[in-house]
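Good morning. Please look at the model on the screen while I go through a few of its contacts.

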Amino acid sequence: MSTAEFPEVSVMDEVFDLHAILQPDEIEWAMKARTFAQTHIRPVIEDDFDKKYFRKELIPLIAEQGFLGMHLKGYGCAGASAVSYGLVCLETEAVDSGWRTFISVMGSLAMSAIYKYGTEEQKNYWLPQMAKGEKLGCFGLTEPQGGSDPANMLTTATKVGDTWVINGAKRWIGLATLADLAIIWAMTDEGVRGFIVPTDTPGFKATAIDGKLSMRASIQCEIELDNVTLPADAILPGAKGLSGPFGCLNEARYGIIWGAMGAARACLDAAINRSKDREVFGKPIGSFQLTQAKLADMTLEYEKGVLLALHIGRQKDAGTLNIAQISVGKLNSVREALKIAREARTILGGDGITGEFPVMRHMANLESVRTYEGTDEIHQLVVGRALTGLNAFS
């Protein structure tokens, strides 16, 4: 498949030629995602970011592409490979992190929780509707006091007769004001358990967080849970302890490994194109050695990041993935993507801080991506534990 078939062709398509080491079905998913993102999101994203507008009218169109829960098998989901899912994340985040986040919240978090830990009745009811975008889900784990220590969560679920009563609060929960269901993690007498909470249940309240300087074209929320009463079968029976939410988080972290490299590619493309158009001292700045050195270094880190993502994806598809590699990938991809964004901005000069170019928007978004699904420090400790066998978390 030639790169000419892709809209908004990246210079990296020719210099890197990632498609040469992909399977035909993987390229097909990548092309579908790039076509959609460049056609439907790219023309409006700067304005949406400026106006803090989440374009929810795109949700049915995204569902039509098969992106929601695409890595899950059955229940109306596409059953695509991990690598294919990663490529969709890359192409989506190349336009905006918020839309890759939407796909992750739906598929890697809410849908994966039901798929991994739910009953057949729960799966058959919720997953087909979610895959079609008819029902939206959110994932309530992080709490106001901090997200890196879920073992000490304050939200509780108490068994009262044949019901569960949940009290507590969650913060930085994507999609909560739009969601039809929330996967809420709460402390019980048996430890941390997960629950499917319809958002129209009395006592459930979601409020969008305002004042964000990052992820402005997406929705993150606070959730209040005040005596939310659920039937006994609202619990996810297969999720017991922190392995439940962590199993979903690792799915989302995997998508970030690819997605952050999409943001990096967009910044690199902007810098390359501008280096050929912007002239100083009578010639394009791209003809100067220092500029070419910057572009070469950015390309090096981008290619290494994508190859690492592909390696992790191949392991995931083969069922041989060491979970520590998820932390290696998330730590590397976001950290290097931010470095690429910052270096790209220097090539754009003063214009780089404007909405004429996507770099500052990607840079701001990546600051959020760096924090959620595990900070740098958390992933460093995961890798350190794998290397030494010693737990430094406490």
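I will cover a helix pair, the nonpolar core and some salt bridges.

This is a predicted model, so to speak of local features we need pLDDT of at least 70, and side-chain atom pairs count only at pLDDT 80 or more, while totals for chains, interfaces and linings use all residues. Residues are numbered from 1 along each chain as its sequence is written, and side-chain values use heavy atoms, leaving out hydrogens and water.

Start with helix α4 (residues 82–93) and helix α8 (residues 289–318), which pack at an angle of about 145° with axes 8 Å apart. Helices here are DSSP runs of H or I, at least four residues, numbered from the N terminus. Axes are lines fitted to C-alpha atoms over the stretch in contact, and angles run from 0 to 180 degrees between N-to-C directions. The contact (heavy atoms within 4.5 Å) includes Leu 90 of α4 and Tyr 302 of α8.

Tyr 302 also belongs to the largest nonpolar core, which has 120 residues. Such a core is a set of buried Ala, Val, Leu, Ile, Met, Phe, Trp, Tyr and Cys residues joined through side-chain atoms within 4.5 Å. Buried means under 20% relative accessible area, exposed over 50%, and partly exposed in between, with a 1.4 Å probe and protein chains only. Helix α7 (residues 243–277) gives the most to this core, 16 residues.

How many salt bridges are there? The count is 22, each a side-chain nitrogen of Lys or Arg within 4 Å of a carboxyl oxygen of Asp or Glu. One of them joins Arg 361 and Glu 46 at 3.0 Å, N to O. These two are 315 residues apart. Arg 361 is buried at 6%, whereas Glu 46 is partly exposed at 24%.
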